[in-house]
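This briefing is intended to be read alongside the sequence and the coordinates. Its points are grouped by topic.

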Amino acid sequence: MKLAAAILIDGVIDASWLFIVAVGLTLVFGVLNILNFAHGSLFAVGAYAAASAVGWYYGGELGPPFLGYLLMLGSALVVALILGPLLERGVLRFFYRRDEVVLVLVTYALFLILEDATKLIWGVESYYAAEPYGLLGNISFFGLSYVSYDFALIGLALATGLLLWFGLNRTVAGKIVLAVIHDRDISRAMGVNVTAVFGFAFTLGVFLAALGGAFTAPKISVQPGISITVILLSFAVVVIGGLGSVEGAAIAALFVGFARAAAIHLVPWAELFIVYLVMALVLAFRPEGLFRRSAARTI
Amino acid sequence: MAGMLGTLAAALIAFAVLALAGFAAPNWLVLVATLAFSKGLVALGIVALMRGGLVSFGQGTFYCAGAYAAGLAMRSFDIGDAALLVALGALAGLILGLLIAPLLASYRGIFFATLTLALSMIVYGILNKTYSLGGSDGLNLHAPTFFGYRPAGSQQGGYALFLFASLVTVIAAALCRIHFDSVRGLLSLAARDNEIRLEYLGASVRFVSGINFVIAAVLAGIGGALSALSLGHIDPDFAFWATSGEFVFLAILSGYVSVTAVFVAAVLLELVRSFSSQYFPNTWQGALGVFLLLIILFLPGGLGSLVPRLRLGAKGVQAPAGKRE
């Protein structure tokens with residue numbers, strides 16, 4: 001019982017940050033048709049930026065401790081506002097209308113570049129920004145002690161998901177984005193500024209990656225290599241959920257979270273690949289992922 | 001038939017030139033070229049897939065299988081002959097390829113790419129935890145013999161291995177060229193252009209893709225065994241995604257038009273790597289990224305598309321290949 005509870009809670013906690021990151025990836029794919037390999041690097045940049053900002057803020061004791069959270073949010077926003085337009089306008093737009101696989105290669109190139117850029121800016125040593133992690137204290141469930149911050153993270157994931165759902169389904173701007181996802185050519189013919197939607201969606205995707213990075217930063221040591229783990233995990237999440245599906249990303253994040261938590265508690269040696277095993281199994285039976293209707297094959 | 005004879009003649013000449021060049025070249029260059037050829041073989045497999053419109057991001061699976069097959073044969077059965085070890089690597093690739101091909105042959109585009117990536121990461125994960133195969137430390141290999149000949153020193157061993165790798169490479173390249181120009185090989189190009197049309201003409205796209213997949217797996221197995229012999233060490237990183245990514249990079253760089261271009265690209269990349277990782281260890285990957293972007297933007301058909309373009313350009317004809325990516 002205790003073990004089941006531990007797996008359940010760990011799984012949901014793991015799923016929360018995975019969802020935030022993966023939903024950005026799936027949104028960018030839905031709108032721009034780009035499976036962004038560099039998404040993990042954007043996560044890493046967000047984490048580095050937040051770790052630096054938090055270190056600076058708490059190091060100088062510049063204000064009330066709780067403002068640190070706002071600072072993390074702010075650093076994710078700054079990263080998105082700089083890198084989003086820069087990558088979309090500066091690089092990606094030259095490659096639109098190319099094959100999906102070629103676009104993966106383009107973002108793979110971006111990933112290589114961003115990897116070295118982060119090493120140049122932040123160096124290769126680890127950053128720690130643990131202050132915000134302990135700030136909310138601990139709570140216990142079923143005799144298991146947890147850090148409250150982890151539950152705040154679940155709240156953040158829920159808020160992100162709800163906001164995104166509301167924005168997409170209940171606002172005019174969101175409806176326009178959905179129209180572009182459905183058919184960009186018809187949307188353009190109807191007078192939608194597709195270029196602007198692309199820029200907006202990509203920047204939002206960068207923001208979500210950086211947000212995930214910024215709020216995960218206090219839990220981990222931020223160091224080179226995290227981007228790879230993140231991209232492979234969020235790839236698995238969006239592919240399991242169905243590319244371009246927000247609900248799919250949520251369900252698949254839980255799936256992956258539980259799988260990882262179960263592996264860590266029950267078969268530790270399988271932790272490295274259980275996610276890919278789940279992904280391969282899902283794809284073997286539902287090639288389009290869990291939440292994507294099969295598209296008719298067109299010429 | 002004339003085309004086939006021409007290919008074989010070109011292969012013979014290429015081997016003779018390589019053998020002479022390797023004799024004259026300094027030792028480090030011979031080592032770099034050996035490794036480049038073994039990686040080029042894996043990239044050649046991706047080129048075979050690319051001709052059918054597929055890109056595998058997980059060729060590390062078969063590369064690793066070939067390397068471990070050679071390594072384990074050497075360790076457990078005391079097989080030391082390079083030819084036998086490489087044949088075992090090819091066999092490992094073949095068996096694994098035949099097992100996986102039916103599962104993957106009906107996937108397309110990014111689903112194919114991500115599934116192959118997932119498979120390679122599963123292999124990577126399992127190998128890292130399989131301590132009887134050395135775990136994350138991997139295994140060491142000793143120097144091989146060549147058809148009974150045991151080289152005296154490391155310099156001679158390096159040249160002998162280079163000669164052997166060149167032989168394997170030239171044969172594989174010639175066979176691939178002949179296959180690419182055959183009816184079955186040309187079906188791949190048709191599948192790339194329009195799968196539905198090909199189906200209506202009576203050919204099975206799934207079968208074509210499956211064959212290409214097995215060819216790619218065998219080539220990757222051979223490449224893996226050769227790499228294992230030339231590095232003298234194998235570890236799970238052979239199946240790591242970055243290794244597979246490098247093969248894709250090579251295939252994009254060379255394009256699917258020319259077989260020779262693959263190996264030219266491989267040698268170039270190995271040279272650039274050994275220089276830049278020495279002088280700019282922290283920026284060379286980024287430089288590689290910029291280079292990749294430039295290739296995709298300005299030379300979507302890869303280096304190989306330059307050759308027919310030059311040849312046809314002289315006659316004032318538009319090059320047919322390399323327009324599509």
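In helix H12 of chain A, the residues Ile274(A), Val275(A), Tyr276(A), Val278(A), Met279(A), Ala280(A) and Leu283(A) are buried; a residue is buried if 20 or more other C-beta atoms lie within 10 Å of its own, exposed if 12 or fewer, and partly exposed in between, with C-beta atoms placed from the backbone. This is a predicted model, in which local features need pLDDT of at least 70 and side-chain atom pairs count only at pLDDT 80 or more, while totals for chains, interfaces and linings use all residues. Residues are numbered from 1 along each chain as its sequence is written, and chains are lettered from A and ligands numbered from 1 in the order in which they are written.

**Helix H12 of chain A**

- Helices (H or I, at least four residues) and strands (E, at least two) are DSSP runs, numbered from the N terminus.
- The 12 residues of H12(A), residues 274-285, should span 16 Å at 1.5 Å a residue, and the end C-alpha atoms are 17 Å apart, which agrees; the expected span is 1.5 Å times one less than the number of residues.
- The cover over the buried residues of H12(A) includes helix H10 (226-241) and helix H11 (246-266) of chain A, together with helix H5 (109-129) of chain B.

**Contact between the chains**

- Chain B contributes 35 residues to the contact and chain A contributes 37 residues, where two residues are in contact if their C-beta atoms, placed from the backbone, lie within 7 Å.
- On the side of chain B that touches chain A, the elements giving two or more residues are H5, helix H10 (241-254) and helix H12 (284-298) of chain B.
- H5(B) gives the most to that side, with 14 residues.
- By class, the side of chain B that touches chain A holds 22 nonpolar, 11 polar and two charged residues; Ala, Val, Leu, Ile, Met, Phe, Trp, Tyr, Cys and Pro count as nonpolar, Asp, Glu, Lys and Arg as charged, and the others, Gly among them, as polar.

**Nonpolar core**

- The largest nonpolar core has 217 residues, of which Ala50(A), Ala210(A), Val237(A), Val256(A), Leu44(B) and Ala225(B) touch the most other members. Such a core is a set of buried Ala, Val, Leu, Ile, Met, Phe, Trp, Tyr and Cys residues joined through C-beta atoms within 7 Å.
- Not counting residues up to four places away in sequence, Ala210(A) touches Leu42(A), Phe43(A), Val45(A), Gly46(A), Ala76(A), Val79(A) and Ala80(A).

**Chain A as a whole**

- Chain A has 12 helices and two strands, arranged along the sequence as α-α-α-α-α-β-β-α-α-α-α-α-α-α.
- The radius of gyration of chain A is 19 Å, close to the 19 Å that the globule rule gives for 299 residues, so chain A is as compact as a globular protein of that length. The radius is taken over C-alpha atoms, and the globule rule is 2.2 Å times the number of residues to the power 0.38.
- The C-alpha trace of chain A spans about 55 × 45 × 35 Å along its principal axes, and 48% of the 299 residues are buried.
- Of the contacts in chain A with a separation of 6 or more, 78% are between residues 24 or more positions apart.
- Gln223(A) sits in the loop between helix H9 (194-216) and H10 of chain A, and counts as partly exposed with 16 C-beta neighbours inside 10 Å.
- Gln223(A) and Ala47(A) are 176 residues apart along the chain, with their C-alpha atoms separated by 9.2 Å.

**Strand pair of chain A**

- Strands E1 (residues 138-141) and E2 (residues 144-147) of chain A run antiparallel and are joined by four bridges; two strands pair if DSSP finds at least two bridges between them.
- Phe141(A) has Leu144(A) in E2(A) as its bridge partner, and Ile139(A) stands opposite Tyr146(A).
- The hairpin of E1(A) and E2(A) has two residues between the strands, and Phe142(A) takes a positive phi near 50° there.

**Chain B as a whole**

- Chain B has 13 helices and two strands.
- Buried residues make up 52% of the 325 residues in chain B.
- Leu189(B), in helix H7 (residues 183-193) of chain B, counts as partly exposed with 16 C-beta neighbours inside 10 Å.
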